Amino acid sequence: MVIEQGGRPIGYAHRRLSPSAEGHRLEEASHMRLNTMGVVQAIALATRADLADDLSLKHFTFDLRSGLFNFSAQGSIQGK
């Protein structure tokens, strides 16, 4: 899928939901070049989530990469 800003393409996103041994896996990757205050920044986002059979969240990882900083987060559901 194309990502647009002000009617112009600035990047793309790809999403995939596939079966796994314990339910489903959701993977998404996005890449874009944003013009922020006159400076163009390349940004990459990656998300991966393990889902139960009913598509409820079990675990996730998230990564954001840019020329200025990197950020990662992860989490999992424990109990109900």
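Me: Let's start with Glu-22: buried or exposed?
Reply: Glu-22 counts as exposed, at 58% relative accessibility. Here buried is under 20% relative accessible area, exposed is over 50%, and partly exposed is in between (1.4 Å probe, protein chains only). This is a predicted model, where local features need pLDDT of at least 70 and side-chain atom pairs count only at pLDDT 80 or more, while totals for chains, interfaces and linings use all residues. Residues are numbered from 1 along each chain as its sequence is written, and side-chain values use heavy atoms, with hydrogens and water left out.

Me: Good to know. Which side chain does Glu-22 meet in a salt bridge?
Reply: The partner is Lys-58, at 3.1 Å from N to O. Glu-22 sits in the loop between β2 and β3 and Lys-58 in strand β5, so the pair ties together parts 36 residues apart in sequence. Lys-58 is partly exposed, with a relative accessible area of 28%.

Me: What are the cut-offs for a salt bridge and for a strand?
Reply: A salt bridge needs a side-chain nitrogen of Lys or Arg within 4 Å of a carboxyl oxygen of Asp or Glu. Strands are DSSP runs (E, at least two residues), as are helices (H or I, at least four), and they are numbered from the N terminus.

Me: How many salt bridges are in the whole structure?
Reply: A search finds 5. One of them joins Arg-15 and Glu-28, with the closest N and O atoms 2.5 Å apart. Arg-15 lies in strand β2 (residues 8–20) and Glu-28 in strand β3 (residues 23–36), so this pair links parts that are 13 residues apart in sequence. Arg-15 counts as exposed at 51% relative accessibility, and Glu-28 as partly exposed at 25%.

Me: And what does Asp-63 pair with?
Reply: Asp-63 forms a salt bridge with Arg-65, and their closest N and O atoms are 3.8 Å apart. Asp-63 is partly exposed at 24% relative accessibility, and Arg-65 is partly exposed at 40%.

Me: Switching to Asp-50: where is it?
Reply: Asp-50 is in strand β4 (residues 39–51). It is buried, with a relative accessible area of 18%.

Me: Which side chain does Asp-50 have a polar contact with?
Reply: That would be Arg-25, at 2.9 Å. A polar contact is a pair of N or O atoms within 3.5 Å; within protein, one must be able to donate a hydrogen and the other to accept it, and residues adjacent in sequence count only if both atoms are side-chain atoms. Leaving aside neighbours within four places in sequence, Asp-50 is in contact (heavy atoms within 4.5 Å) with residues including His-24, Ser-56 and Lys-58.

Me: Last one: which residues make up the largest nonpolar core?
Reply: The 5 residues are Ile-3, Ile-10, Ala-13, Met-32 and Ile-43. Such a core is a set of buried Ala, Val, Leu, Ile, Met, Phe, Trp, Tyr and Cys residues joined through side-chain atoms within 4.5 Å. Setting aside neighbours within four places in sequence, Ala-13 is in contact with Met-1, Ile-3, Ala-29 and Ser-30. In soluble globular proteins, nonpolar side chains tend to be buried together.
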